[in-house]
Amino acid sequence: MEKINTETGFTGQLRYDEPMAGHTTFKVGGPADVWVRPQGDCFPEYAASLLGIARSEGIPVFILGAGANLVVSDQGIRGIVLDTSAWAGCDFFPDNGAVLIRSGTVVDDAVSAAAGQDWGGLEFLAGMPGSIGGALWMNARCYEKSVSDVLLETTIIDESWNQVRLPFNAADYGYKKSPFQGRTVLILSACFTLHKRPRLAIRRDMEAYCRDRESKGHYRFPSAGSAFKNNRAFGKPTGKLIDELGLRGLIVGGAAVAPWHGNIIINTGIATATDIRVLVELIMKKTKAALGLVLEPELLFVGDWEDKTFIREP
Ligand SMILES: Cc1cc2nc3c(=O)[nH]c(=O)nc-3n(C[C@H](O)[C@H](O)[C@H](O)COP(=O)(O)OP(=O)(O)OC[C@H]3O[C@@H](n4cnc5c(N)ncnc54)[C@H](O)[C@@H]3O)c2cc1C
């Protein structure tokens, strides 16, 4: 690990050929050419200059939250991975019933910090792996509530490397859809609306959500949560469709459809990213053949894949 100390005082960590398996909940993924994790209050300035230099040099930059929704290629990621995890923390604004959360904050830490000050509103996210930036980018949804339901404003670094405040606009958000998808912006922070609630009641709900996730086997094996999006037009949850086709337990190499849940793909311990991708494609093929339905992966396939079908470019 290398400490960077530039003349402008930026600090952080930088590694070459950093295995991404250590930065994803699936525990797969080859090396990033460069992995950089800026630390300290200069994060926005450092990130803006890094994005600017990389763009002018034609170097791709992938922004990493907590890696909880990713399948990184076994070949890794070309260019720079900008890790946001050190840009963390919450500022409460009691007069406005709002909290500003920096994008790298672990979702559970944000929910707990709010509970500690008797602020409710984020409980539905308890137990979901990920960062606030990733949850916003994905417009994560748990227990019938989406992140956009409590969002007031986002601050981003836009494509021209300016810091821009974006007030919440409901038309920009939908089921697992946010205005950041399809753009190359860095989410710096977001403000959420909260309401006063006794911390014991908040903690009771948080524990109930975590217990429910545990009982559904969310943490039994490395995974990235739901493999496929739901689609109202299918008439039932995707997991149920996959169950009814008898695909639970289907295995490709070290990747398997969880024997207890049709919409969770697990790493049994020896999975490669390719195993996961082949399994996803196999499930899609079987669902299309049996039901005529085209499933849409919720997992994000990123990095250096030969076949670019459903790959998100950084
Ligand atoms: C056990 C388990 C259970 C899960 N349950 C749920 C669930 O109930 N509901 C749900 O919706 N999801 C669920 N997930 C998936 C995952 O937790 C969410 O999608 C989460 O929001 C991903 O956040 P992340 O920080 O890990 O993002 P990452 O996986 O690191 O990145 C996801 C995307 O966001 C982008 N991104 C991340 N941070 C930023 C930023 N600061 N600026 C710009 N772009 C950024 C990345 O570039 C990438 O495109 C689950 C996952 C696991 C492992």
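This is a predicted model: local features need pLDDT of at least 70, side-chain atom pairs count only at pLDDT 80 or more; totals for chains, interfaces and linings use all residues.
Let me begin with the whole chain. The secondary structure of the protein comes to 6 helices and 19 strands. Its radius of gyration is 20 Å, close to the 20 Å that the globule rule gives for 314 residues, so the protein is as compact as a globular protein of that length. Taken along the principal axes, the C-alpha atoms fill a box of roughly 60 × 50 × 35 Å.

Next, the division into domains. Domain 1 covers residues 2-83, domain 2 covers 90-215, and domain 3 covers 232-298. Over C-alpha atoms, the centres of domain 1 and domain 3 are 30 Å apart. The contact between these two takes 8 residues from domain 1 and 7 residues from domain 3. On the side of domain 1 that touches domain 3, the classes are 4 nonpolar, 2 polar and 2 charged residues.

I turn now to strand pairing, starting with β7 and β8. Strand β7, residues 90-93, pairs with strand β8, residues 98-102, in the antiparallel sense over 4 bridges. Within this pair, F92 stands opposite V99 of β8. The hairpin of β7 and β8 has 4 residues between the strands, and there G97 takes a positive phi near 60 degrees. Strand β8 is also joined to β14 by 5 bridges, and these two strands run antiparallel. In that pairing, I101 stands opposite A190 in β14.

Strand β17, residues 255-257, pairs with β18 in the antiparallel sense over 3 bridges, and V257 has I265 as its bridge partner in β18.

Among the helices, I single out α4. This helix runs over residues 199-215 and has 17 residues. From its first C-alpha to its last it reaches 24 Å, close to the 24 Å expected at 1.5 Å a residue. Just after α4, G217 takes a positive phi of about 75 degrees.

Finally, the ligand. Which residues are the closest to the ligand? Of the 33 residues that surround it, the closest are G65, G130, G133, G134 and G225. The elements that give two or more residues to this shell are β4 (61-64), α3 (132-138), β10 (141-142) and β14 (186-193). Helix α3 provides the largest share of the shell, 5 residues.

What is the make-up of the shell by class? It has 19 nonpolar, 13 polar and 1 charged residues. As for domains, the shell draws at least three residues from each of domain 1 and domain 2.

That concludes my description, and I thank you for your attention.

Note on methods. Residues are numbered from 1 along each chain as its sequence is written. A residue is near a molecule or strand if its C-beta atom, placed from the backbone, lies within 6 Å of it. Ala, Val, Leu, Ile, Met, Phe, Trp, Tyr, Cys and Pro count as nonpolar, Asp, Glu, Lys and Arg as charged, and the others, Gly among them, as polar. Domain bounds come from an automatic or database domain assignment. Two strands pair if DSSP finds at least two bridges between them. The expected span of a helix is 1.5 Å times one less than its number of residues. The radius of gyration is taken over C-alpha atoms; the globule rule is 2.2 Å times the number of residues to the power 0.38.
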